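Welcome! Have a look at the sequence and the fold, and then we will walk through some of the details together.

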Amino acid sequence: MLIDTHAHLFDDRFRHDLPAVLERAAAAGVERVICLGIDRASSLQSVDIANRYSLVVAAVGIQPNHAAEAAPDDWDAIVTLAEREPRVVAIGETGLDRYWDRTPLAVQQDYFARHIELARRLNKPFVIHCRDAEADVVNMLRRYAAQGPLRAVMHSFSGDRATAHACLELGLYISFAGMVTYPTAQNLREVAQDVPLERLLVETDSPYLAPQPVRGRRNEPAYVVHTATFLAQVKNVRLEDLENQTTRNAQELFGWPQQTQLEARN
Ligand code: NI
């Protein structure tokens with residue numbers, strides 16, 4: 001069994017066939033999908049999807065590229081969802097992004113700090129988006145690590161080995177998405193070889209960047225199998241062992257709501 005630890009099921013590209021997408025995921029051996037919001041509206045949608053489909057749980061947050069356009073009460077709405085909704089298992093996605101540069105860095109840092117502090121207060125993990133901002137992210141994480149252990153994952157890891165080691169030292173999990181399967185991503189494969197199986201997670205980041213051999217299509221949670229199969233080869237372990245360990249890792253990091261709360265309405 002596998003867990004897709006990062007998907008955006010509220011995306012328009014799933015509007016017409018989400019039930020079929022989730023059926024295919026279950027048939028492919030995916031036992032849980034975490035649907036992450038990127039702003040207020042999509043965080044609400046993520047919670048709504050988690051409440052409708054037992055396969056799905058939610059994370060809520062304002063992604064750094066959306067922080068500039070966030071209204072003041074958008075953050076309050078995120079806090080309320082995180083506090084009240086039992087199927088919210090994590091805070092995010094959050095982090096820093098210098099690639100798109102849509103939000104001034106100081107605003108991104110302010111929102112990143114809010115997410116970390118909210119996660120701490122509610123004893124939930126947080127999910128980090130990092131693009132071309134590795135040093136800034138690690139610096140900020142080190143500041144918070146000085147106050148207590150971090151429960152977090154670097155999602156769709158795209159940094160170098162030094163960054164990966166810094167994150168591992170901080171106690172983080174490292175998650176790989178479809179990019180690691182691309183022929184040009186030799187550097188990511190080297191990072192994947194370094195990451196201990198006990199700290200590894202897998203994800204699709206659906207609907208973006210589908211793995212080989214379905215690259216170019218709309219990505220969906222069932223395709224996490226391709227990334228897992230690829231990583232098992234890279235790490236020279238049996239697929240079954242990689243599935244079991246990454247699933248245990250996800251359960252340990254995210255935990256799940258109690259069984260009664262998992263009996264969603266579908
Ligand atoms: Ni994402």
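The crossing of helices α4 and α5 is right-handed, where right-handed means that the near helix is turned clockwise from the far one by less than a right angle. This is a predicted model, in which local features need pLDDT of at least 70, side-chain atom pairs count only at pLDDT 80 or more, and totals for chains, interfaces and linings use all residues. Residues are numbered from 1 along each chain as its sequence is written, and side-chain values use heavy atoms, leaving out hydrogens and water.

The axes of α4 (residues 72-84) and α5 (residues 105-122) come within 11 Å and cross at roughly 20 degrees. The two helices are therefore roughly parallel, a label for angles under 35 degrees. Residues of α4, including Trp75 and Ile78, meet residues of α5, among them Tyr111 and Leu118; contact here means heavy atoms within 4.5 Å.

Now to strand β7 (residues 173-176). Tyr173 and Ser175 on one side and Ile174 and Phe176 on the other are all buried, that is, under 20% relative accessible area with a 1.4 Å probe, counting protein chains only (exposed means over 50%). Strand β6 (residues 152-154) runs parallel to β7, joined by two bridges, and Met154 stands opposite Ile174.

Finally, some backbone details. Most residues other than glycine have a negative phi, and most peptide bonds are trans.

| Peptide bond | Omega |
|---|---|
| Gly92 to Glu93 | near 20 degrees |
| Gln212 to Pro213 | near 5 degrees |

Asp205, not a glycine, has a positive phi of about 60 degrees, and at 13% relative accessibility Asp205 is buried. Asn236 has a positive phi near 55 degrees, but Asn236 is exposed at 70%.

Note on methods. Axes are lines fitted to C-alpha atoms, for helices over the stretch in contact, and angles run from 0 to 180 degrees between N-to-C directions. Helices (H or I, at least four residues) and strands (E, at least two) are DSSP runs, numbered from the N terminus. Angles under 35 degrees count as roughly parallel, over 145 as roughly antiparallel, 65 to 115 as roughly perpendicular and the rest as oblique. Two strands pair if DSSP finds at least two bridges between them.
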